[in-house]
Amino acid sequence: MSDENQLCLTYRVAPEHGGERLDRFLAAAASTENLSRTRIKNLIEAGHASIDGTAVKDPSLLLRAGQTARLSLPPPADPAPSGENIPLNIVFEDEHLLVIDKPAGLVVHPAAGHESGTLVNALIAHCGASLSGIGGVRRPGIVHRLDKDTSGLLVVAKTDAAHQGLAKLFADHGKTLPLTREYLAFIWGVPARPSGTVEAALARHATGREKIAVVPAGRGRHAVTHWRLIESFAGEASLVACTLETGRTHQIRVHMAHLGHPVLGDPLYAAGFKSKAARLSEAAQASLGALARQALHAAVLGFPHPVTGIPMHFKSPLPDSLQKLREALAAG
């Protein structure tokens, strides 16, 4: 972790703070630095924190009294991504928001390793002068995301009013406000019953930092996924619909793997199922190989318009690659 051109904040852990999580301790200790806990968590995961001189990347690491925690703040990046002429499949647009049918492979927001070529870059170019100054910067309001290799529906705010309304809606996760999100997932095997619910807390994997894991309730974030069987394919694979009660990173992928039915093509959570592909038909194997991503699609999105209150409901058919997979699995 290089400290060159970085502001470094150093704090000693007092006895009363022993046993606290690293991110919570730093958020409180650095309260005068105008850093949110989310920002601190991201900095820790990016390798900008250390304990007694040893770099750490786990925000949930428990501290001991007497330790010294250090956080390095990299120079601020340009807060305004530039617009890029990237084609968009827009299924709805008005002065307040857009609904996008995102293709697999498109990153939603600029980040380390993906500073350009993202959905945000495309939206800035598309919206032009119509884009409001959300957060003081002319950029679209991203209130929920899809993994790079997950396709499907995504709503984006263009104005401050829409951003505030959508943020409140997605933070509620459909508990008290009307929000519908349904995903279609091709999974390995056939569930023992036609429908069910997975309620299992999620947290960053202890060793594989790019992965999320199911953990005891007290150690992770509450997560609930409801699923129902749509179609099964010769006992080898199934198509299920998943609806979310929470919106955690990789939630469907981790929850279905937790059930013993990981998503087909998932490089992180279905690695142990690669040998099962040999049991599929040649056409299905070819379709799965050509897919080169997890077979997951955000198919349904419904919500009240954040400004007008008008109910909105959108459906996205399976993209060609997943439709070909479905047909090949059914034929086999």
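Ala-328 touches Ser-281, Ala-283, Ala-284 and Ser-287, not counting residues up to four places away in sequence, where contact means heavy atoms within 4.5 Å. This is a predicted model, in which local features need pLDDT of at least 70 and side-chain atom pairs count only at pLDDT 80 or more, while totals for chains, interfaces and linings use all residues. Residues are numbered from 1 along each chain as its sequence is written, and side-chain values use heavy atoms, with hydrogens and water left out.

- Ala-328 lies in helix H7; helices (H or I, at least four residues) and strands (E, at least two) are DSSP runs, numbered from the N terminus.
- With a relative accessibility of 8%, Ala-328 counts as buried; the term buried means under 20% relative accessible area, exposed over 50%, and partly exposed in between (1.4 Å probe, protein chains only).
- A distance of 8.5 Å separates the C-alpha atoms of Ala-328 and Gln-285, which are 43 residues apart along the chain.
- Ser-287 is placed in helix H6 and is buried, its relative accessible area being 16%.
- Leaving aside neighbours within four places in sequence, the contacts of Ser-287 are Lys-324, Leu-325 and Ala-328.
- H6 (residues 282-291) and H7 (residues 320-331) pack at an angle of about 160°, and their axes are 8 Å apart; axes are lines fitted to C-alpha atoms, for helices over the stretch in contact, and angles run from 0 to 180 degrees between N-to-C directions.
- The two helices H6 and H7 are therefore roughly antiparallel to each other (angles under 35 degrees count as roughly parallel, over 145 as roughly antiparallel, 65 to 115 as roughly perpendicular and the rest as oblique).
- On the H6 side the contact is made by Ala-283, Ala-284, Ser-287, Leu-288 and Leu-291, and on the H7 side by Ser-321, Leu-322, Lys-324, Leu-325, Ala-328 and Leu-329.
- The residues of this contact of H6 with H7 comprise eight nonpolar, two polar and one charged (Ala, Val, Leu, Ile, Met, Phe, Trp, Tyr, Cys and Pro count as nonpolar, Asp, Glu, Lys and Arg as charged, and the others, Gly among them, as polar).

- An open sheet is formed by four strands in the order E1-E4-E2-E3, with antiparallel pairing; two strands pair if DSSP finds at least two bridges between them.
- E1 and E3 stand at the edges with a single partner strand each, so one side of each is left without a neighbour in the sheet.
- From one strand to the next, the twist averages 30°.
- Three bridges join E2 and E4 in the antiparallel sense, and Ala-49 stands opposite Leu-71 in E4.
- H2 lies across E2, E3 and E4 and runs at about 95° to E4.
- In helix H1 (residues 22-29), the buried residues are Leu-22, Asp-23, Phe-25, Leu-26 and Ala-27.
- These buried residues of H1 pack against E1 (7-12), H2 (37-45), E2 (49-51), E3 (54-56) and E4 (68-73).

**Strand E10**

- The covered face of E10 (residues 195-199) consists of Gly-196 and Val-198, and the uncovered one of Ser-195, Thr-197 and Glu-199.
- E10 pairs with E13 (residues 224-233) in the antiparallel sense over five bridges, and Thr-197 stands opposite His-226 in E13.

**Leu-154**

- Leu-154 is placed in strand E8 (residues 151-157) and counts as buried at 0% relative accessibility.
- Residues up to four places away in sequence not being counted, Leu-154 touches Leu-98, Val-99, Ile-100, Val-108, Leu-119, His-144, Arg-145, Leu-146 and Leu-301.
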